[in-house]
Amino acid sequence: MRKIELHKEGKSGLKGRLLKTNAFQHHTGYQINVFPFKTQPGGHVFKADFVSFQGIMGEVIRLSQKKELDKPKDNESYKTALKSTILKNALQKVNTNEKLKLEDILTNIFFEPDNGLFKYDFHVISYMNFITIKAAIKDIPVFISDVFINNNDRFKGLLSNTGSNNILNQLISDCLPVQADKKDGERDKQPFKNMLPAVTKVFQQDFDFLLSNKEYFLENFELFFKYYYFFYFTQLTLKLDGFGKEDYIIKPIYFSMDWENLSESRLSLHKLGWKEISKHYERIFAHANALELINYIYVGGETMGDYEEITSLYNSLEEPEKGVFKSCLEDLLQFYREEVKTLIPPANWAECQETLNTSLDVKKFDQEITRLIYSLWYTVRYQFENGKRKKPYNDYALWMSSFSKENFTKSGGRFGLKLVLSQEVLLFLTKLCVGGEEKIRLKEFWVKLRERGLTFDETSKLEIIKLFERINLIEKKSDSGDAQYIKSSL
């Protein structure tokens, strides 16, 4: 019989980690690390970084190279100082009597109007800084590194060749300041767990394809990671709301094109659109804490993982072991309710249990373990939504809702926000779908989009076909759908 126990005592137990000055404090990432988000500040603070994504990817590259920017500065002064250093180094390197003219040429070619360095090669991205200088955002690059990069040698290979046949590019590369070595330090939290291998598998296919055209990859580097960041977390919120009751498969989300006007009847057909997705976002902090808490239960000396892994492990237990596991979970729930004293009357734990029982009757889960997982999550959620921690709960959700709003939504007037793609993003995703082929069937194209987490209603599909016809991206052998092809534009 495997040893099953709730780890309560000691520095790394429930009491040592979550009870501070005789008050319960929620902490995540020590038992299982799921979301790179914080409650302070809320995600809405980083809107500009969510749109640009350059500072985030700059940090991803620095992490892969074990480098860091010298000192945190506001982005404006950082850009100005970097430009000054590069130009000063360049003028010292080049023997010319026309230094002012050279400085003017380099400024016009390599620097944006806001003094930002032009992205002419991959290694230059490591000099891109965050727009909003707050430490909280640095967990996002760590997440991307842990889940998507994962010590990928081919990713590092993008940065290894800093040589260039372009003499001016080489000059600027030679004049970039040396970045400081990142100090080695043990992480106090777990590495971020890849909870959606189905998404990262498609990511790797697209990454490998983009490596075949590095110039195009460089141009769309931030867009690529930005979309997969959205894809991963949107799917994860859907997966978590399933509580491990079944093996998760990707659920495509309805988009429209950003130039379309949607009617109420069309929006009603979008079963998974913005309105539904944003509701799933609202609950992620409850999931982060429920997963953290349940992973204080050890089976055979090991934590259990995500809901699917917990379900699989529980179902593999012998009946006596299941009894011990349930006792541990009951002990955990009792500990939580005794120590969390932030409910605002008339909310109380008796009401929580009553509404939980009603919810369980409605859900009709067919597995006992699903009922147990849901009960823990519901209790955590009830505490946040009916207690003094509602603002942190909402601010945590803003990391996903603000990111999505800034990049993939548009106002639909009185119907509220809708999920949209711009022409630029559509054409980028189209290239990924066609991949290394010369062309693919139109029907296959819609399937490949679904594999990447998005779908369209029939009206939007017609709009997309019209666009492809205008830019000569579609080839018709006849009017039938089977004989229409999407061509590669690479």
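Buried means under 20% relative accessible area, exposed means over 50%, and partly exposed is in between (1.4 Å probe, protein chains only). You're working with a predicted model, where local features need pLDDT of at least 70, side-chain atom pairs count only at pLDDT 80 or more, and totals for chains, interfaces and linings use all residues. Residues are numbered from 1 along each chain as its sequence is written, and side-chain values use heavy atoms, with hydrogens and water left out.

**Exercise 1.** Work out how helix 9 and helix 11 are oriented to each other.

*Solution.* 
- Step 1: Axes are lines fitted to C-alpha atoms, for helices over the stretch in contact, and angles run from 0 to 180 degrees between N-to-C directions.
- Step 2: The axes of helix 9 (residues 197-210) and helix 11 (residues 221-240) come within 11 Å and cross at roughly 170°.
- Step 3: Under 35 degrees is roughly parallel, over 145 roughly antiparallel, 65 to 115 roughly perpendicular, and the rest oblique. Helix 9 and helix 11 are therefore roughly antiparallel.
- Step 4: Look at who meets whom, with contact meaning heavy atoms within 4.5 Å. Helix 9 brings residues including Val199, Phe203 and Leu210, and helix 11 brings residues including Phe224, Tyr228 and Gln235.

**Exercise 2.** Is Leu262 buried or exposed, and which residues does it touch?

*Solution.* 
- Step 1: Leu262 has 9% relative accessibility, so it counts as buried.
- Step 2: Leu262 sits in the loop between strand 7 (256-257) and helix 12 (264-269).
- Step 3: Skipping residues up to four places away in sequence, Leu262 touches Ser256, Leu267, His270, Phe415 and Lys418.
- Step 4: Thr459 is 197 residues from Leu262 along the chain, yet their C-alpha atoms are separated by 9.6 Å.

Key: Helix = DSSP H or I, 4+ residues; strand = E, 2+ residues; numbered from the N terminus.
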